[in-house]
Amino acid sequence: MGYWIFVVLVLVAVVLALLVPRLRLKAAIAAPFPPEWVAIVERNIGVYRNLPMPLRLQLRNLIKQFLHEKHFTGAGGLEITDEIRVTIAAEACMLLLNRKTHVYPALRYIIVYPSAFVVDRAQGSEEGIVSEGRKGLLGESWSNGKVILAWDNVLQGSSNFADGQNVVLHEFAHQLDSESGGTNGAPILVGQNCLRTWAATLSGEFEELQKDAWKGKRSLMDHYGATNPAEFFAVSTETFFEKPAQMAEHHAELFEVLKCYYRVDPRDWQSTAQT
Ligand SMILES: [Zn+2]
């Protein structure tokens with residue numbers, strides 16, 4: 001008898017352990033999106049007002065899930081506010097619209113500095129980390145569940161959604177990339193037909209950008225994308241979302257495979273009159 005009571009208690013504990021987090025998440029997503037958060041995304045995400053309502057509603061739910069699951073920490077004296085959390089969550093979740101996917105399942109922590117930061121790191125300890133910045137770092141994506149960002153650069157990138165520079169889109173593209181087990185410019189691809197050409201298109205465009213960078217020739221995409229395939233994917237993502245019309249015109253195949261992967265056409269948002 002005692003044995004069966006023990007078995008039942010273990011089963012109840014297992015069921016509760018599985019059920020409670022799901023119920024909490026469901027409740028977090030079902031909760032109303034606070035009007036203060038709407039004001040933040042309208043103020044800080046340059047393209048938000050141009051999104052059709054179904055995408056805005058999707059984005060709000062993704063933001064709620066993101067904020068429920070991820071932990072934010074301020075560094076360098078920065079105090080984390082709702083403005084910081086909601087702005088970063090909104091931009092990160094732009095990459096997930098219309099896609100059947102989890103919300104960055106491996107990501108746990110977002111660390112935010114007030115501005116460019118310096119990391120004192122021992123040589124040889126950089127596996128799985130991709131960093132951006134010259135004098136100081138503007139962003140870093142770790143494959144073990146961490147993203148680090150400079151808030152002033154985040155805000156600058158989110159306000160101007162048309163200059164092709166966006167550190168949040170960049171770092172979270174690295175997060176998507178690392179979900180496949182390596183940060184190498186090949187994220188997990190759902191088996192749509194149009195993605196068969198992914199490798200050929202991205203490697204061809206990467207080589208072209210490398211040539212442009214060597215020659216010092218101007219290009220639509222930042223030459224930083226010529227660093228390696230991982231940076232190429234991250235820079236392409238920034239360009240796809242922020243300069244979609246130019247990419248579609250000058251890099252049509254690349255635009256099509258990214259459109260297929262991200263399942264949105266950002267030209268629709270850029271062409272709508274700004275309000
Ligand atoms: Zn990068």
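**Surroundings of H251**

Which residues does H251 touch, not counting residues up to four places away in sequence? H251 touches E205, L220, M221 and Q246, where contact means heavy atoms within 4.5 Å. H251 lies in the loop between α9 (244–250) and α10 (252–262); helices are DSSP runs of H or I with at least four residues, numbered from the N terminus. With a relative accessible area of 16%, H251 is buried (buried is under 20%, exposed over 50%, partly exposed in between, with a 1.4 Å probe and protein chains only).

**Basis of the model**

This is a predicted model, in which local features need pLDDT of at least 70 and side-chain atom pairs count only at pLDDT 80 or more, while totals for chains, interfaces and linings use all residues. Residues are numbered from 1 along each chain as its sequence is written, and side-chain values use heavy atoms, with hydrogens and water left out.

**Salt bridges**

Side chains of opposite charge can pair when their charged atoms come close. A salt bridge is a side-chain nitrogen of Lys or Arg within 4 Å of a carboxyl oxygen of Asp or Glu, and the count by this rule is eight.

One of them joins E83 to R43, with the closest N and O atoms 3.5 Å apart. This pair links distant parts of the chain, as E83 is in helix α4 (residues 82–94) and R43 is in helix α2 (residues 35–44), 40 residues apart. E83 is partly exposed at 26% relative accessibility, whereas R43 is exposed at 51%.

Another salt bridge pairs D212 with K217 at 3.9 Å between the closest N and O atoms. D212 is buried at 14% relative accessibility, and K217 is partly exposed at 47%.

Notes
Helices (H or I, at least four residues) and strands (E, at least two) are DSSP runs, numbered from the N terminus.
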